[in-house]
Amino acid sequence: METLNVTYKPFGKRAILVQWDADYDVNVLEIILNFKNSILKKRTKAILEVITAYNSITIIYEDGIENIYDEILALKSIYLDCDSSNIVKKRLWKIPVCYDPKFGVDLEEVSVKNNLNYSEVIGCHSTTIYTLYFIGFLPGFLYLGGLDKMLHFPRKKTPRLLVEKGAVGIGGSQTGVYPQESSGGWNIIGNSPIQFFDRKRKEPCFAKPGDKVQFIPIDVHQHKEILKLVSYKRYAIESEVLDA
């Protein structure tokens with residue numbers, strides 16, 4: 001296991017927060033996901049949920065933690081024994097996005113202030129392969145890392161009260177998609193017609209932390225057609241298994 005400064009501390013009565021003293025990157029993510037899988041595989045104490053973020057894991061237990069020190073020692077032991085066999089295979093998800101100005105209400109501002117034309121913004125955004133670090137903020141909201149520096153753009157000082165479902169946005173050094181209508185301060189450059197979260201499915205969100213995402217440009221007509229297929233539950237998101 002790579003040597004990094006790791007801290008363990010109580011997080012309420014039924015949880016422990018584990019944090020890595022490191023900026024988020026793919027290597028740190030692999031360590032975090034490896035640790036998560038090891039916890040779920042080896043820990044006998046009833047665990048309700050293990051939540052990952054950029055540089056942390058929160059382990060939530062079904063019951064109160066009787067002895068926090070013993071539990072932290074157990075987690076430290078698991079961390080030290082982690083090995084690469086716990087890594088789950090990743091997928092590359094190809095998500096259709098319509099970058100038409102009809103949807104990309106901030107596309108012009110992002111283009112002008114970054115000294116790029118529309119085609120350059122779209123090309124740069126859609127050719128990058130992003131890493132999914134975690135899912136949060138809203139159910140199905142994918143926090144993606146890897147946005148090209150050419151497209152970095154500050155969040156809005158005053159968030160919109162309503163952002164459309166499927167809106168593809170840029171916020172600082174990140175990009176992501178709003179899985180449902182919401183308020184939000186990211187700059188909207190397009191819209192994806194797919195369903196990012198469905199609580200009726202066995203896996204409500206199709207993607208998992210560690211997966212990769214690429215945005216595939218589509219036109220307005222294709223956007224309408226995919227929306228129809230999604231409404232009839234006949235649309236399958238294109239994906240492929242990545243080599244380890």
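What share of the 244 residues of the protein count as buried? The share is 46%, where buried means under 20% relative accessible area, exposed over 50% and partly exposed in between, with a 1.4 Å probe and protein chains only. The model is a predicted one, in which local features need pLDDT of at least 70 and side-chain atom pairs count only at pLDDT 80 or more, while totals for chains, interfaces and linings use all residues. Residues are numbered from 1 along each chain as its sequence is written, and side-chain values use heavy atoms, with hydrogens and water left out.

We can start with the overall fold. The protein contains 5 helices and 14 strands; these are DSSP runs numbered from the N terminus, with helices (H or I) of at least four residues and strands (E) of at least two. Its C-alpha trace spans about 55 × 40 × 40 Å along the principal axes. Among contacts with a separation of 6 or more, 66% come from residues 24 or more positions apart, a contact being heavy atoms within 4.5 Å.

At the start of H1, the backbone nitrogen of Asn27 has a side-chain oxygen of Asp25 within 3.1 Å. Buried residues of H1 include Val28, Leu29, Ile31, Ile32 and Phe35. The packing partners of the buried residues of H1 are strands S1 (6-10), S2 (15-20), S3 (47-52), S4 (56-61) and S6 (130-135), along with helix H2 (68-80).

Aromatic rings come next. The structure holds 15 aromatic pairs; rings of Phe, Tyr and Trp (its six-membered ring) pair if their centres lie within 6.5 Å, and planes under 30 degrees apart count as stacked, over 60 as edge-to-face and the rest as tilted. Phe35 and Tyr79 form an edge-to-face pair, with 5.0 Å centre to centre and 70° between the planes. Because Phe35 lies in helix H1 and Tyr79 in helix H2, this pair ties together parts that are 44 residues apart in sequence. Phe35 counts as buried at 0% relative accessibility, and Tyr79 counts as buried at 7%.

Another edge-to-face pair joins Phe137 and Tyr178, at 6.3 Å centre to centre and 80° between the planes. Phe137 lies in the loop between S6 and strand S7 (142-145) and Tyr178 in the loop between strands S10 (174-177) and S11 (182-184), so the pair ties together parts that are 41 residues apart in sequence. Tyr178 counts as buried at 2% relative accessibility, and Phe137 has a positive phi of about 70° although it is not a glycine.

Asn115 sits in the loop between helix H3 (107-113) and helix H4 (118-127), and counts as exposed at 70% relative accessibility.

Notes: A polar contact is a pair of N or O atoms within 3.5 Å; within protein, one must be able to donate a hydrogen and the other to accept it, and residues adjacent in sequence count only if both atoms are side-chain atoms.
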